[in-house]
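Opened the notebook on a new model today. I wanted a quick pass over its fold, its pocket and one of its helices.

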Amino acid sequence: MSSKDADNTTEYASLAEELVAKSTAGAKQKSEVNLLAKAVAILSRRECSEKELRQRLQRYTDDMGAINAVVSRLQRENWQSDERFVESFVQSREQRWGNQKIFHALSQHDLDSEQLSELKEELKDSEYQRAREVWIRRFGDKYGVSLYDTETSGDDEFLSETEQQSFEEQAKEKAKQLRFLASRGFSADVVYKVVNSRGAPEED
């Protein structure tokens, strides 16, 4: 092989390497653009925590560098916000769930502990009223109780309301209501207060 041929071979090899590098960079850039589009589509449907968004993007790629780049950009441009996610999550569930269930679900998202502590105090103040509303929607008609009632029925009246019912049947009904509210994640003391008062407003 002549020196000229050798030079040409070297030149072709360098050019090939350059083209491969450009192709790889272009493919990576295209991949990130596609990943960004998927992330925006996800966030357009509903708020997601950073952890959840990362998990969903891993369905499309195992390139953590690309995922990090996309998530960082979305946070800078305020597409993704854990604070906004928490607000949306709570608003969509607080009328159905108690504090225990809400915070158990939020604990799966690796959120800021200070933000959750503040939220816990806020929800603690409203838990009785929320449990009361859940109880009334489920059992209020049975006892002629509505959200506008202002008097307390009390536990004794709960057990003696229907003379045809045996004490055992009444106890079973009460246990059913206790289980119902507990399954929604309301704290034990709130559950007992709501059921024993038959959904009466909380006393000041």
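Before the pocket, a reminder to myself: I count a residue as lining when it has an atom within 4 Å of a pocket point. I also keep in mind that this is a predicted model.

Pocket. I looked up the largest pocket and got about 190 Å³ of space. Which helices each supply at least two residues of its lining? I found α4 (82–93) and α6 (113–143). The lining includes Glu-83, Val-86, Glu-87 and Val-90, and also Gln-115, Glu-118, Leu-119 and Glu-122. Gln-91, Glu-94 and Leu-123 are lining residues too. By type, I noted five charged, four nonpolar and two polar residues in that lining.

Overall fold. I counted nine helices and zero strands in the chain. Of the 204 residues, 34% are buried. I then checked contacts between residues at least 6 apart in sequence, and 64% of them join residues at least 24 apart.

Helix α8. I tested its length first. With 17 residues (167–183) at 1.5 Å a residue, α8 should span 24 Å, and its end C-alpha atoms are 24 Å apart, so the two agree. Next I listed its buried residues: Gln-170, Glu-173, Lys-174, Gln-177, Leu-178, Phe-180 and Leu-181. Seen down the axis, these fall within an arc of 160°, so they line one face of α8. On the other side I found Glu-168, Lys-172 and Arg-179 exposed.

Methods. Residues are numbered from 1 along each chain as its sequence is written. This is a predicted model: local features need pLDDT of at least 70, side-chain atom pairs count only at pLDDT 80 or more; totals for chains, interfaces and linings use all residues. Side-chain values use heavy atoms; hydrogens and water are left out. Helices (H or I, at least four residues) and strands (E, at least two) are DSSP runs, numbered from the N terminus. The expected span of a helix is 1.5 Å times one less than its number of residues. Buried means under 20% relative accessible area, exposed over 50%, partly exposed in between (1.4 Å probe, protein chains only). The arc is that of the directions from the helix axis to the C-beta atoms. On a 1 Å grid over the protein atoms alone, a cavity is a set of points where a 1.4 Å probe fits but cannot get out, and a pocket is an open set with protein on both sides within 12 Å along at least five of seven lines; lining residues have an atom within 4 Å of a point. Grid points are joined across faces, edges and corners, and a volume is the space filled by probe spheres set on the points. Ala, Val, Leu, Ile, Met, Phe, Trp, Tyr, Cys and Pro count as nonpolar, Asp, Glu, Lys and Arg as charged, and the others, Gly among them, as polar. Contact means heavy atoms within 4.5 Å.
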